[in-house]
Amino acid sequence: MTIEKEQVVVVGAGVAGCTAALEAARNGLQVTLVDEHPQNTAIMSLDAPYFYGARLSSVLSDEGTVADRVLGSNDLLMDCLEAGVDVLTGTCAWGVFVPGQNTQSLGGAQVGLADGEKSWMLRYDHLVLATGARDLVLSFPGWELPGVLGVKAATTLLGKYQALEGNKVVVLGTGNVALQFAQQALLAGIEVIGIVDPSTSVQGDRTLAQALDDQQVPFYLGYTVQRALGTHQLTGAMLLPVQGGAELELACDTLCMAYGAVANIELASVAGCAMVYDAGHSGWAPRVDDCQETSVAGIYVVGDASGVTERALVFPELAMAQAQRAVGGILGKEGRPYDAPVADEIPQTSSSASYPPQQWLESLIQASGMQVMACQCEEVSRQALVDVSAPGYLQVSRGSPDDALGRLIAKGAASQDMHKRMTRAGMGHCQGRRCREHATMLIASGTGLQLSAVSPGSYRIPVRPLPIRVLAAHDEATALTEHWCDWLHDVELPRSDHSKHL
């Protein structure tokens, strides 16, 4: 692979990433900004990085139209181009490599990049991860139907791509991320049939909720979703009162899981950054100092990637301030002064939403039981997960030993990785994005542990699904390229006395 070098590399072109790139470039640093959007439908269909679900608009196959829409929706990205930032769109970061005991030959820290045609390595002096947040998914019967998707996916399709199919949406959740999407849908001419939450009160900011109430959007408080309706596509949602009562059917063609969002920590994790659990920041996120630098020197994390908060969902100025702090830290290391812009005081939000969405999980179990699939890829049900049942393909008739889940606890802690090895939950092609939080919440509930005591599943490079033709080396020697298929047949292998019996 080709290895290039850049002074500052920023991954993610949201508010935080673009702000970091702009500030760095305006202060004389050489900057490359990488963003994986626009994505092709092959990658989106694998639910990376969001839970797009099984329904994608045909317009997404029109690369020219999609590129115009994605670039046109991001004014800050245009500012980056004007400031001299080297912008790479449609390019994913699939790994971060830091020199260590087993990687001393790297010659410096590197990030692995890939577009639709090739992959390459880019060395950096400073890396800013602004990878945002991803969907938190909790399942129910029918969640595999086309039309069911996560709120981050829905927001991205509606905003960046202008390609969210559907005219009638039901939103599951009343936190700020749910209320903001509902408002976005209304502005796009989509009818919001209802906003559902098992709590008896709206969890998000009062101002956001009041704006929706003023537009006569129905709130179904004290309800949960029992199942999605439809055979080949979504036709509706069946709701059930949490405290008992009659079912309520809502006709819709889109069902948006908006229980919450969690920090997208894949790249920080594979780089070896230390993680900390903070319920106020939606679970696990990299530990950062006052300049947003992680435990790995030269790697900074900003925006939602450093932890999702209800306040930051409403006020993007918080992400911008983090980006400016990171640039200040980088300039300090470069021996350059930095006069950070003076920010106005950022108000608080009245949101009362909390992590994890335990009330949602309990209501879903109450409404639809434990036989619902928790891991869609490997077909592992909630019950099989807490029973630590062997993978179905083994066709094991004997059940798991008594207290199998409890036996996986070591010194008051549990590991999702250990559970994954036993049940395969999280080993599918989505790399655990659909079931990660669902699984850890079930493990915590089944063992009586705090969620912070359940270590999350690890990530593996590449953190994005990539075709072999893209990952293949493009700069190998000509002789190797011409003969790699048959070089082994030119070697005379030793034969043993047993070979005649083979």
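This is a predicted model: local features need pLDDT of at least 70, side-chain atom pairs count only at pLDDT 80 or more; totals for chains, interfaces and linings use all residues.
**Salt bridges**

Side chains of opposite charge can pair when their charged atoms come close. With a cut-off of 4 Å between side-chain nitrogen and carboxyl oxygen, the count comes to 11 salt bridges. Three of them are listed here.

| Pair | N to O separation |
|---|---|
| Lys5 and Asp125 | 3.2 Å |
| Arg433 and Glu266 | 3.1 Å |
| Lys420 and Asp417 | 3.4 Å |

Lys5 in strand β1 (residues 3-11) and Asp125 in strand β6 (residues 119-129) are 120 residues apart, and their pair links distant parts of the chain. Asp125 counts as partly exposed because its relative accessibility is 37%.

The pair of Arg433 and Glu266 also links distant parts of the chain, at 167 residues apart. Arg433 sits in the loop between α14 (416-423) and α15 (436-447), whereas Glu266 belongs to helix α8 (residues 266-270). Arg433 is buried at 5% relative accessibility, and Glu266 is buried at 4%. Both residues belong to a network of salt bridges that also includes Glu36 and Arg464.

Lys420 and Asp417 are three residues apart in helix α14, so about one helical turn separates them. Both are buried.

**Surface patch**

Asp62, Glu63, Asp68 and Glu117 form a negative surface patch. Asp62 lies in the loop between α2 (41-44) and α3 (63-72) and is partly exposed, with a relative accessible area of 38%.

**Ala414**

Ala414, in strand β22 (residues 414-415), has a relative accessible area of 9% and is therefore buried. Its contacts beyond four places in sequence are Ile443, Leu449, Ala453, Val454 and Ser455.

Methods. Residues are numbered from 1 along each chain as its sequence is written. Side-chain values use heavy atoms; hydrogens and water are left out. Patches are made of residues with over 30% relative accessible area and no salt bridge: like charges are joined within 9 Å, nonpolar side chains (Val, Leu, Ile, Met, Phe, Trp, Tyr) within 5 Å. Accessible areas come from the Shrake-Rupley method with a 1.4 Å probe; for residues, only the protein chains shown count as cover. Lys and Arg count as positive and Asp and Glu as negative; His and the chain ends are not counted. The place of a charge is taken as NZ of Lys, CZ of Arg, CG of Asp or CD of Glu. Helices (H or I, at least four residues) and strands (E, at least two) are DSSP runs, numbered from the N terminus. Buried means under 20% relative accessible area, exposed over 50%, partly exposed in between (1.4 Å probe, protein chains only). Contact means heavy atoms within 4.5 Å.
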